[in-house]
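Subject: Handing over the structure

Dear colleague,

I am passing this structure on to you, together with some notes on what was found in it. Please look through the sequence and the model first, and then read on.

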Amino acid sequence: MRDQMFFTPVAVSAGLGVKREIACLSEMHEFLTEWEPSRRSVSYGGAVAAVEAARAGDISVAAARDAFITFANTAGILWPEAQPIISVKPVVRSFGGFAS
């Protein structure tokens, strides 16, 4: 069995500000296996069933990816697509300490 890559990786939060990209079925399976049992839900079961079906060739890799996205969104760990842009602009201060 060869590992099947996703067309576009799925980014999830793996801790405080830690981004983890899931790019193939084996990484998806590993992430789901490591998921804490007390936090498992119906969408978790759907994602596990989807990865097993995709590995067996019963469904497409894209369908398994969609099931994983549904799980991640339900669990609240889906990394946002658009990153906030933070810009730092120097401020010139006058003698009074206020910005000019």
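Predicted model: local features only at pLDDT ≥ 70, side-chain atom pairs only at ≥ 80, totals over all residues.

Residues are numbered from 1 along each chain as its sequence is written, and side-chain values use heavy atoms, with hydrogens and water left out.

The overall picture

The chain holds three helices and two strands, which are DSSP runs numbered from the N terminus (helices are H or I with at least four residues, strands are E with at least two). Along the sequence these elements follow the pattern β-β-α-α-α. Of the 100 residues in the chain, 28% are buried, a word that here stands for under 20% relative accessible area, with exposed meaning over 50% and partly exposed in between (1.4 Å probe, protein chains only). Among the contacts (heavy atoms within 4.5 Å) in the chain with a separation of 6 or more, 43% come from residues 24 or more positions apart.

The hairpin

Strand β1 (residues 5-13) and strand β2 (residues 19-24) run antiparallel and are joined by five bridges; two strands count as paired if DSSP finds at least two bridges between them. One of the bridge pairs links V10 to I22 in β2. The two strands form a hairpin with five residues between them, and G15 in the turn has a positive phi of about 140 degrees.

Leaving aside neighbours within four places in sequence, Q4 is in contact with C24, L25, A54 and V61. Q4 and V61 are 57 residues apart along the chain, yet their C-alpha atoms are separated by 7.1 Å.

The helices

Helix α1 (residues 25-34) and helix α3 (residues 61-75) have axes that come within 11 Å and cross at roughly 30 degrees, the axes being lines fitted to C-alpha atoms, for helices over the stretch in contact, with angles running from 0 to 180 degrees between N-to-C directions. The two helices are therefore roughly parallel to each other, since angles under 35 degrees count as roughly parallel, over 145 as roughly antiparallel, 65 to 115 as roughly perpendicular and the rest as oblique. L25, M28, F31 and L32 of α1 make the contact with V61, A64, F68 and F71 of α3.

L25, which is in helix α1, counts as buried at 2% relative accessibility. L25 and E52 are 27 residues apart in sequence and 8.9 Å apart in space, C-alpha to C-alpha.

In helix α2 (residues 42-56) sits S43, which is buried with a relative accessible area of 15% and, apart from neighbours within four places in sequence, is in contact with T70, F71 and T74. D66, in helix α3, is partly exposed with a relative accessible area of 45%, and its C-alpha lies 9.1 Å from that of A50, which is 16 residues away in sequence.
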